[in-house]
Amino acid sequence: MAAARESIFVIGWDIDSRVPLHYEGDDDGLPLALGSFLDALAARRRDLNVYVLDWDFAMVYALDRELLPIYSLGWRTHHRLHFHMDDCHPPGGSHHQKIVVVDDAIAFTGGIDLTKSRWDTPAHEPANRLRRNPDGEPYPPFHDTQMMIEGDVAKAIGELARERWRRATGRSPVPGSGSPASIWPEGIAPDFENTGMGVARTEPAYDGREAVCEIRQLFLDCIAAAKRSIYIENQYFTSAVIAEAIARRLSEPEGPEVVVVSRYQGSGWLEQNTMYVLRARLIRQLAKTEGADRLRFFYPHQTGLGEHCIALHSKLMTVDDRILRVGSANVNNRSMGVDTECDVLIEAAGEDDRAAIVRARDTLLAEHLGVTAKEVAEAIGREGSLIRGIDSLRGGSRSLEPIPGDLEPELDALVPNSATIDPERPVDPDRLVDGIVPRQERPQAGRRIVAVTLILLLIGALAVAWRWGPLGDWISPSRLQALALAIESAPATPVWVILAYIIASLTAVPITLVVVATAFAFGPGVAVGYAIAGSIVGAAVTFCLGRMLGRATVRRLAGSRLNELSRRLGRRGVFAVLVFRLVPVAPFTVVNLVAGASHLRMRDFLVGTALGMAPGVIAVNVFTDRLVAALSDPAPSQIVALIAVLLVIGFGALAIRRWLARRARATHDAGADT
């Protein structure tokens, strides 16, 4: 990048301006941190434009990302450093490509994002003083692969980057001269020269464009082409399509050996209990396949890591000595049709290419096994088998260990299938609501959402009248605060709070009012816990009541909506309960009774209730907290904060209401039952 003259494209799933580009070495006078480095390059070369495209990430990743990248990479940098958050992807999708292109002369693509927790050496020592994030926090060893490319393929990836920028921003980058000079770094010998390459993409259907599923087909073609061996390094292995293709090859008497090296465990609780559960299911399924003795799943082991593991993040595949592919695509459904991906592939054109492909595979195996690439090649040749060669070298402080396919029965039963967690195609929100929310209930859902917002506005108006009206003379904030503290410190307070939620659930009192009362009494921290716990217990009690009463009795209570609600609850389980809590198509108590009278498992019902109630409970508590703050200290900043919260809730409710009404009208006009 320091040699760039016209353009630099940095496109990624995550980009962190604070990450240093190197730790030790000669001082070239340029800043170490990525953002400052790019800013300095744009400032010192007047013809250079820098384009940084970062995925406009989902909120679930907010705590792991740089705060306000628009400031650090946009507002405070040179005007020729262009930064944009890419939100041009379907709901549930992400921009997952990891690309850097310099002057259309050199392109980097693979698994590595220019962000924190990525730097490491192939030694992957348990402790490395340089392996720290910008905030100084150490992180476990990290393993990944990237390919550096010069020539026509670099130009092609440059055009891919330009097109991605155009789609995300609506603006075209400044065109280049079209005749880039070579900027291949000195001292780095290429592994392949004068060879043909291919670029494969995944692009989901979006904004009128058809889906591009080249990566999915490339996986299938590579597996079908294998004669002796397939070697895969990948963070995930959850794609049923790929597993089925491997199973077909294993069932052939002369089919290839397959070795998959993956990460031992997920990077967090959510990933461990979703994606890695799906992987265990596929491992268990493939173990039953005829020819399964030619299949191995390994993870890289390093003594001294304790509860951590080597964070294998690479996305690489070799087939015999003929094919090498490196890219951003995981072996999961999302990479086949939901996320944007970019892989590059080399198909050997001669003996030099074949030797380089084998050398790349053996070098990676040597790294994992703590030996040399020569020892790996000799072991595979001696044993006449990739798997037996690996087994003969295992057992040291660095080794490849088998990934177990066993699961706790309770966890296996709880986690939904891959279509929910790891979809093959983008989620259509219209079809999602069509499949779960009864059409005749959508206008009621809109009315209930607006009703909740009006309740919050009414509470705010009453509170304002109290604060500046005659009630404020004898009920002061300090007195209410003292009363709340007395309630909170009472020994049986949790019991009384839970009992209040049970009574509200049995008597059909709007649950929102109870949540607001809890927030006023206990403050946002404790109140969130009380409200979620109380809602779950109250829901469980009325769920059990619905089960005891039976369908006939509940039908008389719930009316005609029972059959529709019951059918969707029974069919979609946790997911349906989650949607019903987020989109209130029926009162809290009615949903509980109907769920109990249906064939829904109580565990699914409670999990869906907890997940679905949490956003609303948090929103109500934030509103209540800002309201109390404004009443206690009616400073302009407090009033503005309260108004902002009200606007967010109000506009959100209005948007949902209009969308539901539009969907209902469209369905009615079409005369269709989706």
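This is a predicted model: local features need pLDDT of at least 70, side-chain atom pairs count only at pLDDT 80 or more; totals for chains, interfaces and linings use all residues.
The sheet I want to start with is an open one, in which nine strands follow the order β9-β8-β16-β15-β14-β10-β11-β12-β17 with mixed pairing; two strands pair if DSSP finds at least two bridges between them, and helices (H or I, at least four residues) and strands (E, at least two) are DSSP runs numbered from the N terminus. At the edges stand β9 (212-213) and β17 (398-402), and each has a single partner strand, so one side of each is left without a neighbour in the sheet.

Residues are numbered from 1 along each chain as its sequence is written, and side-chain values use heavy atoms, with hydrogens and water left out.

Staying with β17, its pairing with strand β12 (residues 295-302) is antiparallel and runs over five bridges, with Y299 standing opposite E401 in β17. Helix α11 (residues 386-393) packs on the sheet, where it touches β10 (229-234), β11 (257-261), β12 and β17, contact meaning heavy atoms within 4.5 Å. The direction of α11 makes about 45° with that of β11; axes here are lines fitted to C-alpha atoms, for helices over the stretch in contact, and angles run from 0 to 180 degrees between N-to-C directions.

How does α11 sit against helix α9 (residues 351-369)? Their axes come within 10 Å and cross at roughly 30°, which makes α9 roughly parallel to α11, a term for angles under 35 degrees. At this crossing R361, L365 and L369 in α9 meet L386, I390 and L393 in α11.

Two of those residues, L365 and I390, return in the largest nonpolar core, which has 43 residues and in which I157, V259, L365 and I390 have the most contacts. Such a core is a set of buried Ala, Val, Leu, Ile, Met, Phe, Trp, Tyr and Cys residues joined through side-chain atoms within 4.5 Å, buried meaning under 20% relative accessible area with a 1.4 Å probe, protein chains only. Leaving aside residues up to four places away in sequence, L365 touches Y231, V376, I380, L386, I390 and L400. A second, separate core of 34 residues includes L220, I230, M317 and V319.

Taking the protein chain as a whole, there are 23 helices and 17 strands, and buried residues make up 49% of its 674 residues.

Methods
Buried means under 20% relative accessible area, exposed over 50%, partly exposed in between (1.4 Å probe, protein chains only). Angles under 35 degrees count as roughly parallel, over 145 as roughly antiparallel, 65 to 115 as roughly perpendicular and the rest as oblique.
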